[in-house]
Amino acid sequence: DEAHALVSKAVALYKLRGPSEALHEDGARRLHDLCVELRGGVLKLGQLASCRVDLLPPAYIEALSRLQDRVPPLPASVIRARLEAELGAPVEQLFARFDDEAIAAASIAQVHGAQLHDGTEVVVKVQLPGVEDDLAADLAALRFLCTALGDALPRTDLPTILAELGRSVTGELDFLAEADATEAVRADFAGDPDVVVPRVHRELSTRRVLVLERLPGGSLSGFLAAEDTTPAARDRVLELIVRTYAQQILSFGRFQADAHPGNFMLMPDGKMGVIDFGAVAPLPGGFPVELGATIRLARDKNYDLVLPTMEKVGFIQKGQQVSVRDIDEMLRQYVEPVEVEVFHYTRKWLQ
């Protein structure tokens, strides 16, 4: 109920365009704190909303963006107990060292650093206790929330967003499936000198625990926020991210579908690490050609022809009414900022 009230208020105020920035900041802070408190599907929805700059005021986008990689962790004692119950042995027997301070905390899991007995540095991803039951309750509540917000957000397909969210987070609960996806993408990039996907340690991984090679370096979030990051360095990282996704979408036929800044590592040797493959989306065989056609038609403002291609690639639902303004807004938000890189790599992979 509180989340519903806060989001409804934010949308209503955004339409009025008149409230003070302080009012937005207060509402954004309360919504962020609520997502952290409830975690589960609510936190995941907050992460999703943080990427929708067209939906909420800037204060809400800024506050919810902190959910991507700055969620307060649960006590280490809770994680240790969960780890021992899942693997059937004391933490000291499983690892030569286990760091009680979390590296990251998120909606369904928490990540800690550790060292294997052979000296290998790893990260240990542990599913939060009770998260499966919590997610089922959260999704039921969010279905009600989507119904209640339908009038406030008429241009947003909330049922489809919720259905995708439910499918995604339910799939992310199986860490063995994530291990399979990680190994598949690691094999895809095996010959790439600039992209690193961590190795899976299968002997210590289960459905609720995933142990991976620890990649050195810092997150993309920290890199972008650093005052000494130069425009040239930003451009190089942008180009690398676009190339990485062009390869996944246009060559490999699957891609890491949770592309927020917390899932990219910038390594000391200039390589980029890609992590967290709980959500990997497969693509049909004809997708690259249809995607390239959609981008070109949208860029040329060929509105009559672009709608069928947008439907084929899943940008819009079958029969969905889309205005010229909608297409222009999608182009402005998602294509124009990386237009040169997108078209360069689209041409390269479609030749």
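The expected span of a helix is 1.5 Å times one less than its number of residues. The legends below apply this rule to one helix of a predicted model and then turn to other regions.

**View 1. Helix H11 and its end.** Helix H11 comprises residues 231–252. Its 22 residues should span 32 Å at 1.5 Å a residue, and the end C-alpha atoms lie 30 Å apart, which agrees. Buried residues of H11 include Val237, Leu240, Ile241, Val242 and Arg243. The run of buried positions also takes in Thr244, Tyr245, Ala246, Gln247, Gln248, Ile249 and Leu250. Glycine 253 follows H11 and has a positive phi, near 80°.

View 2. Four strands form an open sheet in the order E4-E9-E8-E6, and their pairing is mixed. Strand E4 (195–196) and strand E6 (218–219) are the edge strands, each pairing on one side only. Strand E8 (residues 264–266) and strand E9 (residues 272–274) run antiparallel and are joined by three bridges. Leucine 266 stands opposite methionine 272 of E9. H11 packs on this sheet and touches E4, E8 and E9, its direction making about 40° with that of E9.

**View 3. Two loop residues with positive phi.** Aspartate 276 lies in the loop between E9 and strand E10 (280–282). Although not a glycine, aspartate 276 has a positive phi of about 70°. Its relative accessible area is 22%, so aspartate 276 counts as partly exposed, the cut-off for buried being under 20%. Lysine 301 occupies the loop between helix H12 (287–299) and helix H13 (303–313). Lysine 301, also not a glycine, has a positive phi of about 60°. With a relative accessible area of 42%, lysine 301 is partly exposed.

View 4. In soluble globular proteins, nonpolar side chains tend to be buried together. The largest nonpolar core has 29 residues, of which Leu83, Phe95, Phe98, Ile108, Val122, Val124 and Val211 touch the most other members. Elements that each supply at least two residues of this core include helix H5 (76–87), strand E2 (109–115), strand E3 (121–127) and helix H7 (131–149). A second, separate core of 24 residues includes Phe189, Phe223, Leu240 and Tyr245. Leu240 and Tyr245 are also among the buried residues of H11.

**View 5. Surroundings of phenylalanine 98.** Neighbours within four places in sequence are left aside here. Phenylalanine 98 is in contact with Ile79, Arg80, Leu83 and Val91, and also with His112, Gly113, Ala114 and Val124. Among these partners, Leu83 and Val124 belong to the largest nonpolar core, as does Phe98.

Terms used:
Residues numbered from 1 in each chain as written. Heavy atoms only, no water. Buried < 20%, exposed > 50% of the residue type's maximum accessible area, 1.4 Å probe, protein only. Pairing = 2+ DSSP bridges. Contact = heavy atoms within 4.5 Å. Axes fitted to C-alpha atoms, helices over the stretch in contact; angles between N-to-C directions. Core = buried A, V, L, I, M, F, W, Y, C linked by side-chain atoms within 4.5 Å.
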